[in-house]
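Subject: Structure for you to look at

Hello,

Here is the structure I said I would pass on. Please open it next to this email and follow the notes below.

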Amino acid sequence: MRVQMTENRLAPIYKPAASKTEDTQARPVWIAPPSRTEAQSVVAYRLRFTLATAQTVRVHVTADERYELWLDGRRMGRGPERGSASAWFYESYDLPVATGEHVLVARVWHLGELAPLAQVSTAPGFLLVADPPHASLLSTGVAAWEVKPLSGYAFELPAMELHSPWFTGANQTIDASLYPWGVEYGSGQGWLPARSRHEDALTPFGILPLHVLREAMLPAQLSAPRRAGRVRSATEGTWTDPRVVHIPAEPGDEHEVRAWQDMVDGLAPLTVPARARRQVVLDLEQYYCAYPYLVTSGGQGSTVTLAWSEALYVDSKGSSKGQRNQVADRYFIGPSRDVIRPDGGTDRRFENLWWRAGRYLLLLVETADEPLTLEAVGLEETRYPLEAESRIALGDERLDRTAPILLRGLQMCAHETYLDCPYYEEMMYVGDTRLEALTTYVLSLDDRLPRKSITMFDLSRVPEGLTQARFPGRDVQIIPPFALWWVGMLHDYALWRGNQEFVTRHLPGARAVLNGFLRHLNGDGLLVAPAGWNFADWVPDWPIGVPPEGFGGVSGLLNWHLVYTLALAAQLEDWAGDPELAHRFERERCALASRLISIFWDERRGLFADDPDHQHFSEHTQCLSLLSGALDMPHHSRIAQGLLEDATLTRTTIYFTHYLFEAYRLLGLADALFERLRLWYDLPAQGFMTTPEQPEPTRSDCHGWGAHPLYHSFATILGIRPATFGFGRLEIEPLLGPLHDVSGSLVHPRGRVDVQLRVHDGRLSGRVSLPEGVTGILDYQDRWQELTPGSQTIDIG
């Protein structure tokens, strides 16, 4: 059973000796195989032990890179939680151990360059530390742990093609004839004494450990059995290339389809005859991140390929996906695939070391001289255990149909970190994560994943002060605007959750980011685009998403982004009780804003230009100029008119539309907001189960940043937002547009905010209930009502 720790119990193993008599050699240390392993390795560690009485044993476990832990053949958990060398996480478990003999086994793998790009490694190994009185009995480096290599695995990165996952790691092949079955029970031959690895134990001499250990920040990931869906096609195998498989127009013989469905549903096994080929498409009828498993009997010499895809394609080149529910006469392009080679044994259960993602599975079965029986196929869903604790009813069928898609999109991009997308990259980017964290705040009181993301990005900062764009990871990528969004993330946390100690701890990082940007002001006091990828949005006319003048020039958008962030930083410093720094950032903000108004304002168009020559204009620049808080009402009015009427403006796509919706809220443009929500309204009819990366043609069908309308449902349409640090005071400013009867219950650090509102003949009525100690104001079309703790009637005419 996983235990959530609130302190670092492993810190003492790296401290200098407490006294001259302490034997530091008796402390737990990492262990590894006797000799250096290959670049890619899968090994098992084993410890046999005996307890005289039944006890609950607490252990702390980690590995480089990943582990699975078994006690007497029963899986206790997986890990470690994804981190970096400067924050290497360990999990804690309370193990129920009966009287008698037992065996602990850990399967540990290290894939190096073939691992997902987000998987960091410094030195392969395994560490288990038991709390007293069981330390000498169980801890690695102290107890008699053994190790053996696990043969049968092979790994290969998919070719870098248009539809290939870029950074999610290698495809796995497992040859059952080579695999040591029963290893989870500690059985078999070939076990050798493990080697103690002391590289992590030299800190008394000022040498940092290879892994700076800290307790896991997150709870255990969801682990839930899931049915493998519905058989959409089951036919003779006609493929020549397993990467691109045509699915016939007809689903196949009715009896064959039924037999496959019975196997999937656990009603009866299915036998594929000798020297036969079958191709079967399973529709999971939902998007899943999951560990797939397959149980087989017989079939020596067979090959089973299990491929994943988010959708099928209209043609073999993958130029279009079309309607996502369509399977017949489509092409399954599945570079994300794993291969199983049965050995003829009975009830062989094959599992992946790492999870896969998508909606559709393709089974390619090719038998040799022996029939293959498929006993079972299924999934173990995995993700962060994020569920919607808040409730909302807006009386709009379009939003009601879309909301489950938004929630699922966010859930599929929440794991040991937030992800941009689970299928293609599996990386945590700042720009994506800010929107995912905001959406989390309105859904759940659980803020552990947002806190971890803020912490990890702070650890990622480079010498110039900027955060890395994506982290953790084996490379270093700099997207300068994302460093500014990280400051926004800290500000969001301060408003929505308000843990003063946590915010104060990360303020030096926010100051470093802004100082890094301010060093790039030129002689005219304008920001010159910093080195790196100055991505803003996937606008078709912007090269790789970079706005005009974003390649080393003076960009209006980047400059307004800095003004916007300086305002947030000034407020953070004010909340932290540092008026001098607050004044400094406010002074910089006002000076830069004044220069931008002079240079980028186009009086004829009533808009801010993207470039000093006024050749380019975008919604993006208007949004950040408005949200900076530096403009007067005449500018607001002119920009509002331009946003509504100027059809030549470069439009935001899914990601940056979050900031467009923020600007619409500021301007009170309800009708415009509901009009731009049409992209999301159309998702159910197109067959999407999650939110896509960008408008069609989209690469990714599952991108967490597209879930932000869920945030806006609560914070913009219903209109509930924090007005001060920690949500101690709130504002309710509903932007209802065509809606007349709305209600919601929003989680709050002190309880819940319950709202019921009705509009009739221009009058707003209803009830609002606030938690104890929370006050606020309700603002409806510039008419106000003060709100106090408890329940109160609303009547604004």
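Serine 187 is partly exposed, at a relative accessible area of 32% (buried means under 20%, exposed over 50%, and partly exposed in between, with a 1.4 Å probe and protein chains only). The model is predicted, so local features need pLDDT of at least 70 and side-chain atom pairs count only at pLDDT 80 or more, while totals for chains, interfaces and linings use all residues. Residues are numbered from 1 along each chain as its sequence is written, and side-chain values use heavy atoms, without hydrogens and water.

Serine 187 sits in the loop between β12 (171–175) and β13 (192–193); helices (H or I, at least four residues) and strands (E, at least two) are DSSP runs numbered from the N terminus. Beyond its neighbours within four places in sequence, serine 187 is in contact (heavy atoms within 4.5 Å) with Lys148, Trp181 and Gly182. A polar atom of its side chain lies 2.7 Å from the backbone oxygen of glycine 182.

Threonine 433 belongs to helix α4 and is buried, at 0% relative accessibility. Its side chain reaches the backbone oxygen of tyrosine 429 at 2.6 Å. Leaving aside neighbours within four places in sequence, threonine 433 is in contact with Tyr418, Met428, Ser453, Phe457 and Met489.

Next, helix α2. Which residues of α2 are buried? In this helix (residues 254–264), they are Val257, Trp260, Gln261, Met263 and Val264. They lie on the same side of α2 because they cover an arc of only 160° around the axis, taken from the directions from the helix axis to the C-beta atoms. The face turned away from that buried side carries the exposed residues Glu254 and His255. Among the elements covering the buried residues are β17 (230–236) and β20 (277–298). At the N-terminal end, aspartate 253 caps α2, with a side-chain oxygen 3.0 Å from the backbone nitrogen of histidine 255. Glycine 266, with a positive phi near 80°, follows α2.

Last, the largest pocket. A pocket is an open set of points on a 1 Å grid over the protein atoms alone, with protein on both sides within 12 Å along at least five of seven lines; lining residues have an atom within 4 Å of a point. The largest pocket holds about 800 Å³ of space, a volume being the space filled by probe spheres set on the points. Of its 30 lining residues, the closest to the centre are His491, Leu568, Glu662, Arg665 and Arg721.

Regards

Definitions and conventions
1 Å grid on protein atoms, 1.4 Å probe; cavity = no way out; pocket = protein on both sides within 12 Å on 5 of 7 lines; lining within 4 Å. Polar contact = N/O pair within 3.5 Å; in protein donor to acceptor, adjacent residues only side chain to side chain.
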